[in-house]
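I opened the notebook to look up a few residues and ring pairs. My entries follow below the structure.

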Amino acid sequence: MLTAGSKYTLHLSRFTENGAYLMDEDMKEVLLPKRYVTSDMEEGDSIEVFIYHDSEDRLVATTDTPKIMAGGVASLEVVDITPYGAFLDWGLPKDLFLPKANQLERIEKGYWYVVTAYVDRITGRLVASSKLGQVVHNEEVVVKPGEKVNIIVAQRNEFGFRVVVNQRNWGMIYHNQIFKPVYIGDTMDAYVVRVTEDNRIDLSLQPAGFDGIKNSARQLLELMVAHGSTLSVCDHSTPEEIQKQTQMSKKTFKRAVGYLLKSGAIKQENGYISLMEGYQNIRWE
């Protein structure tokens with residue numbers, strides 16, 4: 001049975017002036033509108049599509065991939081507000097509805113909010129909810145220390161930011177681990193620092209160990225190129241000056257500078273670090 005909010009691989013059954021009809025294993029058809037039909041499609045082809053309700057409330061298919069699917073978590077922008085709820089941009093022609101009953105806080109147009117999506121039992125339509133508890137929890141944690149994960153910044157508290165890890169678990173990034181602007185709704189990569197016995201996940205925006213040093217060195221090199229080859233900081237600069245110019249802690253900055261100095265990619269003198277000729281040939285060993 002075809003339901004909204006999921007992807008399916010369907011067979012192209014027939015063409016019409018409105019598009020192409022796709023068929024599932026139960027011989028049920030759904031329209032793929034004409035704007036998604038390409039010249040290389042033929043009857044019998046297997047096509048992966050996403051199913052949702054269009055502006056006329058018909059179940060239709062699209063070859064586009066939305067920003068969120070049933071059971072997923074994403075940060076979406078509010079594009080309209082009505083007395084009954086808000087509409088979110090999820091990358092498809094018809095915006096995703098966030099009912100007022102599913103909102104945890106006051107919603108404002110133009111802002112981004114972290115939501116999940118589910119199929120409404122009564123209407124069969126996919127709707128959004130900012131109540132993440134049924135989807136995001138730490139009853140089962142499968143990530144390990146050192147693992148690279150995807151996070152969505154969901155909430156701020158006195159300790160740092162609570163984030164959604166790989167769309168299924170809660171994690172924390174603490175203020176003393178953050179050296180660049182972080183905002184609610186940001187989606188980025190992070191690294192698992194530890195998983196406690198009670199399934200808490202602590203994260204960092206930088207990988208640990210030598211890989212972390214190389215990563216910071218790359219970032220510093222890119223920053224220097226963007227600023228005309230020179231930065232007015234060195235390993236004797238204050239932590240505040242270093243953080244302002246590089247968005248790194250002094251410890252991370254000194255390690256990155258040391259790596260680049262040893263590699264011959266930069267030089268340090270008179271309170272500055274500058275690129276050396278041939279810095280592009282650095283070997284990231």
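**Entry 1: Ser-274**

I looked up Ser-274 and found it in strand S18, residues 272-275. Strands here are DSSP runs of E with at least two residues, numbered from the N terminus. I noted that the model is predicted, with local features needing pLDDT of at least 70 and side-chain atom pairs counting only at pLDDT 80 or more, while totals for chains, interfaces and linings use all residues. Residues are numbered from 1 along each chain as its sequence is written, and side-chain values use heavy atoms, with hydrogens and water left out.

Is Ser-274 buried or exposed? Its relative accessible area is 15%, and buried means under 20%, exposed over 50%, and partly exposed in between, with a 1.4 Å probe and protein chains only. Ser-274 is therefore buried.

I then checked its partners. The side chains of Ser-274 and Thr-230 make a polar contact at 3.2 Å. Such a contact is a pair of N or O atoms within 3.5 Å; within protein, one must be able to donate a hydrogen and the other to accept it, and residues adjacent in sequence count only if both atoms are side-chain atoms. With neighbours within four places in sequence left aside, Ser-274 is in contact (heavy atoms within 4.5 Å) with residues including Met-224, Ala-265 and Lys-267.

**Entry 2: aromatic rings**

I wrote down the pairing rule before the count. Rings of Phe, Tyr and Trp (its six-membered ring) pair if their centres lie within 6.5 Å; planes under 30 degrees apart count as stacked, over 60 as edge-to-face and the rest as tilted. By this rule there are 4 aromatic pairs.

Why is the pair of Phe-50 and Trp-90 edge-to-face? The ring planes of Phe-50 and Trp-90 stand at 80°, with the centres 5.7 Å apart, so the pair is edge-to-face. Phe-50 is in strand S4 (residues 46-53) and Trp-90 is in the loop between strand S7 (85-89) and strand S8 (96-99), 40 residues apart. I also looked at Tyr-52 and Trp-90, an edge-to-face pair with 6.0 Å centre to centre and 85° between the planes. Tyr-52 lies in S4, so this pair ties together parts that are 38 residues apart in sequence. Phe-50 and Trp-90 are both buried, and Tyr-52 is buried too. Phe-50, Tyr-52 and Trp-90 form one aromatic cluster.

**Entry 3: Leu-59**

I found Leu-59 in strand S5, residues 59-62. Leu-59 is partly exposed, at 30% relative accessibility. Not counting residues up to four places away in sequence, Leu-59 touches several residues, among them Val-30, Ile-51 and Tyr-52.

Methods: Helix = DSSP H or I, 4+ residues; strand = E, 2+ residues; numbered from the N terminus.
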